Every structure is written in structure tokens, then in C-alpha cells.
Amino acid sequence: MKAIKTSFKDVYLLEPNVFGDARGYFMESYNKKVFIELGLDFDFVQDNQSLSAQVGVIRGLHYQLNPKAQTKLVRVLQGAIYDVVVDIRKSSPTFGKWQGFILSEENKRQLLVPKGFAHGFCTLVSNTVVAYKVDEYYFPEHDRGILWNDPALGIDWPTSQPILSEKDKCHPVLAKAEMNFE
Ligand SMILES: Cc1cn([C@H]2C[C@H](O)[C@@H](COP(=O)(O)OP(=O)(O)O[C@H]3O[C@H](C)C(=O)[C@H](O)[C@H]3O)O2)c(=O)[nH]c1=O
């Protein structure tokens, strides 16, 4: 597993070692010892999986408030996504900054999203399946969101007319969002 640095100190793009042969391939999608060697020591407690049937589905931008904030390890089992993180740590020099990454069944890349970041993705292919580990359980009462197309963020999503859940249509913009990250 290779860790690729990103614009943010604590956000990592991870590339697994893939062993291909005539049958197909094998890879370790997660190995705690390898992660600890990379300085990524998390105790994941929950695995999530979502299917988005159409191209242009945006899920996000989501986060859980402290003390139930989540670190997420995101990967694509089928299809492809444009995966976006936004720094929402109020004292961070990169507060309000974002970066997008393409994660796909093809590139097998994974994204490590630390606490203090909002996370969302847009599907690039129909029937995209995303799987991700989190190191805190789901607490709906701590679940918050930021509006996907907040002009102050200026995220260059692959679509301007996404398919959204009713919840994701109504999040506040960053300036009005409830956040408690230092
Ligand atoms: C996140 C979550 C949701 N749920 C239930 C709550 C709803 O009844 C249903 C769909 O939830 P939601 O619409 O929030 O799912 P997504 O829009 O895919 O949200 C996720 O997608 C973005 C990209 C994220 O980063 C978050 O991890 C997560 O919020 O699953 C659970 O039971 N457990 C959970 O951990």
C-alpha cells in the first residue's frame, strides 16, 4: 500500500499492491499493520456500502460533529466517483478549501478522510458501489451537512444538475453550518 500526499496534511490517497494473474487479481484492501506503518492508526468499527444507480448522484457533503466525528476510509468496489473533501477545521490554514479525487474500480485507489473534513462524492458511472470504513458509529443526532454547491466552496463537480436526496438539497452553506472542529 502506497500513501500519496494530498493538498491536506492528514488526507491520504492510498494505492494498494495489486497481484494480477491469468485468473484476475488479488489485493489486500485493508491491513491494520500496514496502516500503522504508514502512520494511519485507526480503529474502524463500522463498514458502510452504498449503491448509486445513476451517473451524477451526489451524496454529501457530510460529517458528524465532535465527539462523534468520523475518520473514513473510502473505496469504490464498482464504477467510479469524484470524491471530495472540504477542510472544516476553523483554525486550519486551509479552512474551507477542498480537493477532489477520482476513485474507481479500475484504479482501486482509496481515500483516507480524517475527522474535521466534510466528505461527499459524485458518481461518474451508473451502478457505482462505494464501500467505506469509519472509526465512529453512526449517530444521526450528530450528522450534519454542507450544501454541495455552496458558491463559497466552488467545488468543480462533474455535474451541475445532480441527483440528490431530499436531505442533501437542504444543507446550509459553510458559513451557516454547525461545526465544532478546532
Ligand atoms: C451514514 C449512515 C446512514 N444510515 C441510514 C440513514 C438513512 O436512513 C439511510 C441513508 O443515509 P444517508 O442518506 O445519510 O446516506 P448517504 O447520503 O449515502 O450518506 C453517506 O454518504 C456520504 C458520502 C458520507 O460521507 C457519509 O458517510 C454518509 O452520510 O441510511 C445508517 O443506518 N448508518 C449510517 O452510517
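So, who's around the ligand? We've got Gln46, Asn48, Arg59, His62, Lys72, His119, Phe121, Tyr132, Tyr138 and Lys167, where being around it means having a heavy atom within 4 Å. Before I go on: this is a predicted model, with local features needing pLDDT of at least 70, side-chain atom pairs counting only at pLDDT 80 or more, and totals for chains, interfaces and linings using all residues. Numbering runs from 1 along each chain as its sequence is written, and side-chain values use heavy atoms, with hydrogens and water left out.

By type, that shell splits into three nonpolar, four polar and three charged residues; Tyr counts as nonpolar here, Lys and Arg as charged.

Now the polar contacts, meaning pairs of N or O atoms within 3.5 Å. Arginine 59 has a side-chain N or O atom 2.9 Å from a ligand oxygen. Lysine 72 also puts a polar side-chain atom 2.9 Å from a ligand oxygen, and for lysine 167 that distance is 2.8 Å. On its own the ligand exposes 650 Å², and the protein buries 66% of that (Shrake-Rupley, 1.4 Å probe).

Which elements give two or more residues to the shell? Those are β5 (46-52), β6 (58-64) and β11 (117-123), strands being DSSP E runs of at least two residues.

Key. Polar contact = N/O pair within 3.5 Å; in protein donor to acceptor, adjacent residues only side chain to side chain. Helix = DSSP H or I, 4+ residues; strand = E, 2+ residues; numbered from the N terminus.
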